[in-house]
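This briefing is for a reader meeting the structure for the first time. Please look over the sequence and the model below before reading on.

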Amino acid sequence: MKPVKNQLTDHYHLAKHISTILKIADQSDLDRSPESLRLIGFTGNSGAGKSTLIGKIANELVSKNIKVAILLIDPTSVDTGGTLLGDRIRLDPLLPSKGVYIRSLSTGSNQGNLPRNLNRILAVLAENKFEFVLIETIGIGQAEAEIRSYVDTLIVLPAIDVGDSLQYYKTNVFELCDVIFVNKSDLRLEALHSHTKRYLEEFISVKTWISRIAPQVVFGSAKTGEGVEELISIITRVGSES
Amino acid sequence: MHDNRMRVLVAKIGLDGHDRGAKILMSYLKDAGFHVIYSGLRNTPFQVLETATQEDVQAVGVSILSGSHLELIGQLCAEFKNNSASEIKIFVGGIIPEADIEHLLALGVDRVFSSETSLADVIDWLKLIERP
């Protein structure tokens, strides 16, 4: 691991570089994400546990000497143009000292759910020898189709208090994602989780029957780390790109 | 357009769990069109420097109500100075006795807002220091 002071200097230059890219008015983005990066997207409702899960996964990857960057996206207010970027508070404050570069990004005036010039930002991270980039979307809605085109693995944290399995069939993200992480097993939600399990099992079996591919389902807790090891083995599997 | 608006970090340092004031400030800054990053409770001064650096902010606002502002803000200003981050402006708000304001400014704080300050004054000051 690099001395903390050197890291600070590296992160300073990287941060300035990204700011410059964000200011480029030209909306033309690079066509592709850099090949050398493994990109993992996280989506799900507000409060589903995306940031907490990202923090846990980042710590696991760092302990394997993998160089990690995190991009946390929050929505810019259409009315005022302001953004409250509050995802960092869920992350371990020691991550920067461990070499993890974390950047909060607003969607800005971009007509979408991702900041402008995202591929250029990813290219800079690749130049700086990052290996994994964990990207948190603004949450569920229309964001997942956009992030799908960028990432190798898309992990969704679903709502577990749904009335029936049809909710999973209706929502596009369950067709687009690679992994469904059913979170908050630490909250003693056995009853809810057993319903969710039944609904998802049905959904996955129908999906598999129709299209032969279906997302993997993992149960666990971003808070306690249950299930995180399984996620790590999925996202680090070579050639898992879909 | 909006994307070039100033990035501001709102931070809490030391053992101070009261963040109502910070939340009010953040909401107000967001409504005024700023991009506001919140680093959460109980950070160390060095962690605030790391976050400010990674996020490329122009200003850091520290809300402090614990009474340990002279010690902790002193450490914070030293971290920024020793790591060539003096271009980042530091402003402080919270429960700050009148007599301590001069002391904080001498430590390297750019502006102190007392609890009687109107939020509009904070916005005016930030607009004054905002760089393109």
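In which sense do β3(A) and strand β2 of chain B pair, and over how many bridges? In this predicted model, β3(A) and β2 (residues 35-38) of chain B pair in the parallel sense, over three bridges.

- The open sheet is formed by six strands, which follow the order β3(A)-β2(B)-β1(B)-β3(B)-β4(B)-β5(B) with parallel pairing.
- Because β3 (83-85) of chain A and β5 (111-113) of chain B each have a single partner strand, they stand at the edges of the sheet, and one side of each is left without a neighbour there.
- From one strand to the next, the twist averages 20°.
- Helix α5 (residues 119-129) of chain B lies across β1 (7-11), β3 (59-64), β4 (89-94) and β5 of chain B, and it runs at about 165° to β5(B).

**A helix contact between the chains**

- Helix α1 (residues 4-23) of chain A and helix α2 (residues 45-55) of chain B have axes that come within 7 Å of each other and cross at roughly 35°.
- On the side of α1(A), the residues that make this contact are A:L8, A:H11, A:Y12 and A:A15, and on the side of α2(B) they are B:E50, B:T53, B:Q54 and B:E55.
- Divided by class, the residues in the contact of α1(A) with α2(B) are three nonpolar, three polar and two charged.

**The interface as a whole**

- Counted over the two chains, 27 residues of chain B are in contact with 29 residues of chain A.
- On the side of chain B that touches chain A, at least two residues each are supplied by α1 (20-31), β2 and α2 of chain B, and α2(B) gives the most, with six residues.
- The residues on that side of chain B comprise eight nonpolar, 12 polar and seven charged.

**Chain A by itself**

- Chain A has eight helices and eight strands, and its C-alpha atoms fill a box of roughly 50 × 40 × 35 Å along the principal axes.
- The radius of gyration of chain A is 18 Å, which agrees with the value near 18 Å that a compact globule of 242 residues would have.
- Of the 242 residues of chain A, 43% count as buried.
- Among the contacts in chain A with a separation of 6 or more, 76% are accounted for by residues 24 or more positions apart.

How values were computed:
Residues numbered from 1 in each chain as written. Chains lettered and ligands numbered in written order. Predicted model: local features only at pLDDT ≥ 70, side-chain atom pairs only at ≥ 80, totals over all residues. Axes fitted to C-alpha atoms, helices over the stretch in contact; angles between N-to-C directions. Helix = DSSP H or I, 4+ residues; strand = E, 2+ residues; numbered from the N terminus. Contact = placed C-beta atoms within 7 Å. Nonpolar A, V, L, I, M, F, W, Y, C, P; charged D, E, K, R; others polar. Pairing = 2+ DSSP bridges. Rg over C-alpha atoms; globule rule 2.2 N^0.38 Å. Buried ≥ 20, exposed ≤ 12 C-beta atoms within 10 Å, placed from the backbone.
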